[in-house]
Amino acid sequence: MMLIFILKRVAWAILTLLIASWIAFMLVHLSGSTPGGVALGQGGTPEEIRAYNEAIGWYDPWIPQFFSWVAPVLRGDFGTSLIDGRSIGDDIAKRLPVTAALAFFGTVVSSGVGIVLGVVAAVRGGALDRFITALSGILLSVPAFWVGVLLVYVFAVQLRVFPATGYVPLDVDPGAWARSIALPVLTIAITSAAGIARQTRASMSETLTQEHIRMLRAIGTPTPRIIYVHALRGASLPIIASVAIQFILLFGGSVIIEVLFALPGIGQAMQGATGTADLPFVQALVLVATLVVVIVNLGLELLTKTLDPKLRAS
């Protein structure tokens with residue numbers, strides 16, 4: 001049964017990638033820009049632009065065009081940039097670790113903080129619960145940009161503990177790499193922990209009222225074991241889903257953070273490719289972002305089916 005479930009989900013994942021790629025392909029063609037107009041710039045004449053577009057098959061029917069683009073992509077060839085002729089695949093390979101590290105560590109830190117706050121709010125209740133709930137509401141309404149600016153002022157300008165901007169690759173200097181992503185990760189953690197805290201509080205509050213938890217209390221099970229083993233495990237599925245969604249949002253929506261801290265990631269590349277109408281680059285970035293979303297969703301579904309006995313038996 002599990003094998004059939006996996007095969008179905010993989011098939012849906014492949015179909016989702018194809019649909020997302022097709023939508024990106026259509027939007028690029030409907031954008032009003034053409035590769036010839038972008039590559040030749042303002043110096044290109046209408047005749048030269050049309051000749052360029054005809055040479056690359058821009059005016060061919062869309063379906064053959066789409067599959068002629070997909071075929072090399074399956075081999076890892078995303079083509080070249082219209083702006084400077086660099087390899088799109090190589091550029092994405094350099095930028096992907098930056099965004100992946102930002103999203104991963106941002107999710108880890110925000111999840112740790114959010115889960116702790118949510119559990120404390122659900123267990124303690126009272127004034128502490130109201131304080132954490134109010135704090136979560138405030139953090140949800142604060143723009144990440146302003147949090148980042150404040151952190152830069154405190155830790156980079158005043159204390160000079162971390163650099164304000166820039167990025168050092170991990171293989172060049174691990175210590176400098178850690179310092180270069182510390183403020184971006186902290187910015188993400190502060191602005192993202194609130195949502196996870198609220199989800200954790202809601203799930204834990206519901207779980208703590210269930211019959212088996214009351215029975216454990218009645219038979220004298222230690223409170224820490226009830227909270228951190230039984231209740232937290234029972235409330236884990238919505239929390240895991242919230243964490244997975246958080247990672248997706250951070251991976252696909254890190255443009256502001258990457259621009260603010262001058263990080264050469266996927267978000268910064270998307271902003272640049274969109275601003276310069278680098279059409280092949282935009283298509284490739286949309287495909288990569290969709291692939292990450294599909295993989296995370298697939299992993300979430302498999303984990304949910306594994307952890308939930310009802311779904312596992314279905």
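The second largest pocket has a volume of about 310 Å³, a pocket being an open set of points on a 1 Å grid over the protein atoms alone where a 1.4 Å probe fits, with protein on both sides within 12 Å along at least five of seven lines. Volume here is the space filled by probe spheres set on the points, which are joined across faces, edges and corners. The second largest pocket is lined by 16 residues, of which L17, V73, L74, L287 and L291 are the closest to its centre; lining residues have an atom within 4 Å of a point. The model is predicted, with local features requiring pLDDT of at least 70 and side-chain atom pairs pLDDT 80 or more, while totals for chains, interfaces and linings use all residues. Residues are numbered from 1 along each chain as its sequence is written, and side-chain values use heavy atoms, without hydrogens and water.

At least two lining residues of the second largest pocket come from each of α1, α4, α5 (88–124) and α14, helices being DSSP runs (H or I, at least four residues) numbered from the N terminus. Helix α14 gives the most, with 5 residues. The lining comprises 15 nonpolar, 1 polar and no charged residues, where Ala, Val, Leu, Ile, Met, Phe, Trp, Tyr, Cys and Pro count as nonpolar, Asp, Glu, Lys and Arg as charged, and the others, Gly among them, as polar.

The largest pocket holds about 470 Å³ of space. Its lining has 20 residues, with I56, W58, W69, P280 and Q283 closest to the centre. Helices α1 (2–30), α4 (62–74) and α14 (279–307) each supply at least two residues of this lining, and α4 gives the most, with 4 residues. By class, 11 residues of the lining are nonpolar, 7 polar and 2 charged.

Two helix pairs were examined. The axes of α1 and α4 come within 11 Å and cross at roughly 120°, axes being lines fitted to C-alpha atoms over the stretch in contact and angles running from 0 to 180 degrees between N-to-C directions. Contact, meaning heavy atoms within 4.5 Å, involves L18, S21, W22, F25, M26, H29 and L30 of α1 and W62, I63, Q65, F66 and W69 of α4. These residues divide into 9 nonpolar, 3 polar and no charged.

Helix α11 (residues 236–252) packs against α14 at an angle of about 170°, with the axes 10 Å apart; the two helices are therefore roughly antiparallel. By class, their contact has 14 nonpolar, 2 polar and no charged residues.

Methods: Angles under 35 degrees count as roughly parallel, over 145 as roughly antiparallel, 65 to 115 as roughly perpendicular and the rest as oblique.
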